[in-house]
Amino acid sequence: MRVPAGVRERVASVHGAAALPERLRLYDGWAARYEQDVAALEYRAPHLAAASLAFAFPAPPAGARLLDVACGTGLVARELHRRGFRCLHGVDGSDGMLEQARSTGLYRQLRRCVLGREPLPSPAEHYDAVTLVGALGEGQVPSAALPELLRVTRPAGGFLCLTTRSNPSNLRYKAELEAALERLERQGAWQKVLAQEVERWERATSEEESPQGTDYISGVVYIYQKCPVPPLKEG
């Protein structure tokens, strides 16, 4: 089954918008039919990310505080809720997406934030887990924003769940992202728990994005665990 032309056009418009205000305007206009369109794409990232985080989580998650960054319409929240996460906060840069997320009733708090342009509206070391699913890509959240995700994550065991795509137009960004992930690990900021490449991440919207001719693009789920903050040395 080919991706419907209207879906291809909307995806191309959003990813092709160079200026941030225009991109956010397009997301606002897309919000009402976003879930219908990503269903046509067979978009699996929310399910895969939530399942990976739940598997890594060491304790019953009901009381865990979780921040869903770039939460969109709440697809990740639905998957997390099914797996026992109840204390969900979300941020997104699109008012239209936040309106859809609010209608799910799954978030205790929703706030507008364009990560990469401004800090997260959260205190330091506040969350037991942070997710960023679907927005680490070319023209979206820059890899330079990773330390801000770490800032709001609880030390000594807080988890971060991240995803990116492996389609040709995102390979440069993916290389930059993985270099940043590895640099933070070398610096002792976090430890890698999981990096899982998934072949059928979602349907490709063009032949160029699926050079193997499978009609799908691949993607990756990363799980990291924040390292303890070393004690200050006396003297």
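Reader: Which backbone nitrogen does the side chain of Ser 94 reach, and at what distance?

Author: A polar contact is a pair of N or O atoms within 3.5 Å; within protein, one must be able to donate a hydrogen and the other to accept it, and residues adjacent in sequence count only if both atoms are side-chain atoms. Here the side chain of Ser 94 reaches the backbone nitrogen of Met 97 at 3.1 Å. The model is predicted: local features need pLDDT of at least 70, side-chain atom pairs count only at pLDDT 80 or more, and totals for chains, interfaces and linings use all residues. Residues are numbered from 1 along each chain as its sequence is written, and side-chain values use heavy atoms, with hydrogens and water left out.

Reader: Is Ser 94 buried or exposed?

Author: Buried means under 20% relative accessible area, exposed over 50%, and partly exposed in between (1.4 Å probe, protein chains only). Ser 94 has 1% relative accessibility and therefore counts as buried.

Reader: How many residues of strand β5 are buried?

Author: Strands (E, at least two residues) and helices (H or I, at least four) are DSSP runs, numbered from the N terminus. In β5 (residues 159-165), seven of the seven residues are buried, so the strand is largely enclosed by the rest of the structure.

Reader: In which sense do β4 and β5 pair?

Author: Two strands pair if DSSP finds at least two bridges between them. Strand β4 (residues 129-132) pairs with β5 in the parallel sense over four bridges, and Leu 160 in β5 is the bridge partner of Val 130. With strand β7 (residues 216-226), β5 runs antiparallel, joined by seven bridges; there, Gly 219 is the bridge partner of Arg 165.
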